[in-house]
Amino acid sequence: MVRKYDYDVLYIGAGHATFDGAAPLAKTGVKVGVIESGLIGGTCPNRGCNAKITLDEPVKMVRASERMGDILKGDIQLNWTKNVEHKQEIIEHLPEDLTHRLESGGATIIKGHATFKDNHTVIVDNVGEVTAEKIVIATGLRPHRLDIPGTDLAHDSEDFMNLKNLPQKITIIGSGYIGMEFATMANAAGAEVTVMLHSDKVLRDFYQPYVKLVVDDLKQRGVKFIENSNVQAFEKLADSYQVTYGDNQTLLTDWILDATGRIPNLDNLGLDKIGVKYDKHGVYVNDYLQTNVENIYSAGDVVNNDLPKVTPAAFFESKYLMKLFSGQTKEPIEMPVIPAVVFTSPRIAKAGVSVETAKVKGYQISENDLANYWYYKVDKEPIAQSRQIHDDEGHLLGVTEVSDQAQDAVNALLPAIEFKLSPEQIGRLTSLFPTIGYAAWHRA
């Protein structure tokens, strides 16, 4: 049989929205191509999740040592330079590993930037035309940059994670995931940190009473927060940088991080030429992750939807497309409960119905003071609380927690939310003891 196109399925972008599904798809006999202009693996392995959590691990250790007081001897300090070197050792092999994962399954990697010529053809730098029956747009997000004078003087999250020497004074513009996580790291490593907010809210997608606990703790540690900052310009002075904000106020700093968000990575892709519908929030898709152009799909962070822009969502969508393209399903995608966490110290994690929604719908909200629960006393956690949401029949609908172990507690509870386990079924879950999985269910 002569193929009409070079590939059955062609992915543009090689992040989680691609490789988690493309590799097993190729093993089914589907001819798969993956176009990537940068590192294989995209943002998460190379300049996002994996790098971030590696840099944060010593922060967690420093905080734990601080809490344990005279139980542990010695003054533990974070060596930022060694921390960054360790991060690089952890992540530097990942593109090669992911390349092997794709190619060993039978997928072909094509290096270069892709631009649509028509709905079955893209032009790739230094390669030429590549055709496919189906094409998946999985280009992810990229850092937003402020449109102000001197914007080129600011840095992005990748620059921060590659800083071999930490500046003494760091100014962070933005208070979302990136801003708050990096403020935590920089503060723990000894930098003087100022966070400049666009409004008066930090981490607006998380339960605000818990956010306040984290912010208040950072303030006590010396982090400064400037609300409604209205940043206007950056300027290079002799040996520092000046941030102009508010009513012509100024702030001197050694380094500026622009953490004002991330935007769909769709520049020079040629979507207008082929009529794919998109806007500043991403590509529009239906319940099959299909765009308005029948043979073109989209997955991951670049999709315009209300899901958290997190790896678990991209992973699930990529796996769904694998099943769809290999004929294992003809059903529309049914997204599971997608959890989210911000890796501050302590963390804030959540899944399912929010506290705000629970109040509107009249669900039961249980409040748990975990700092006084014995398991959280083991490492003397001073900030540990949770809210659990139940319906009248006792099904767990949602949870949000602030603690140093919040992500693991939410992970333990996630199956009950996703599968709507009854109280009787939950009662049969006998987690290992003593662990956070057991503590998540037995807090009394």
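**Close-up 1. Helix α7 is mostly covered, with ten of its twelve residues buried.** In this predicted model, the buried residues of α7 are G179, M180, E181, F182, A183, T184, M185, A186, N187 and A188. The helix comprises residues 177-188, and at 1.5 Å a residue its twelve residues should span 16 Å, which agrees with the 17 Å that separates its end C-alpha atoms. Just after α7, G190 takes a positive phi of about 105°.

**Close-up 2. Strand β6 pairs with strands β1, β5 and β18.** Strand β1 (residues 7-12) runs parallel to β6 (residues 128-137) and is joined to β6 by five bridges, with Y11 standing opposite V136. The pairing of β5 (residues 121-124) with β6 is antiparallel and is made by four bridges; here V124 stands opposite G128. Three residues lie between the strands in the hairpin of β5 and β6, where N126 takes a positive phi near 60°. Strand β18 (residues 296-298) is joined to β6 by three bridges in a parallel arrangement, and in β18 the bridge partner of V136 is Y297.

Close-up 3. For F160 and W255, the ring centres are 6.2 Å apart and the planes lie at 55°, so the pair is tilted. This pair links distant parts of the chain, since F160 belongs to helix α6 (residues 157-161) and W255 to strand β14 (residues 255-258), 95 residues apart. Both F160 and W255 are buried. For Y207 and Y210, the ring centres are 4.8 Å apart with planes at 85°, so the pair is edge-to-face, and both of these tyrosines, Y207 and Y210, are buried. Elsewhere, one aromatic cluster is formed by Y373, W374, Y375, Y376, F433 and Y438.

**Close-up 4. The second largest pocket holds about 420 Å³ of space.** Its lining is made up of 22 residues, of which D205, K350, G352, V353 and S354 lie nearest the centre of the pocket. At least two lining residues are supplied by each of β20 (347-352), α11 (355-361) and β23 (396-403), and the largest share, three residues, comes from β20. By class, the lining of this second largest pocket has 13 nonpolar, four polar and five charged residues.

**Close-up 5. Two cavities of 30 Å³ or more are counted in the model.** The largest cavity has a volume of about 50 Å³ and is lined by G300, D301, N305, L307, P308, K309, V310, A313, A314 and E317. Sorted by class, the lining of this largest cavity has five nonpolar, two polar and three charged residues. The second largest cavity holds about 30 Å³ of space, and P143, D156, S157, I178, D258, A259, G261 and R262 form its lining. By class, the lining of the second largest cavity has three nonpolar, two polar and three charged residues.

Note on methods
Residues numbered from 1 in each chain as written. Predicted model: local features only at pLDDT ≥ 70, side-chain atom pairs only at ≥ 80, totals over all residues. Heavy atoms only, no water. 1 Å grid on protein atoms, 1.4 Å probe; cavity = no way out; pocket = protein on both sides within 12 Å on 5 of 7 lines; lining within 4 Å. Points joined across faces, edges and corners; volume = space filled by probe spheres on them. Nonpolar A, V, L, I, M, F, W, Y, C, P; charged D, E, K, R; others polar. Expected span 1.5 Å × (residues − 1). Buried < 20%, exposed > 50% of the residue type's maximum accessible area, 1.4 Å probe, protein only. Pairing = 2+ DSSP bridges. Phe/Tyr/Trp six-rings, centres within 6.5 Å; stacked < 30°, edge-to-face > 60°.
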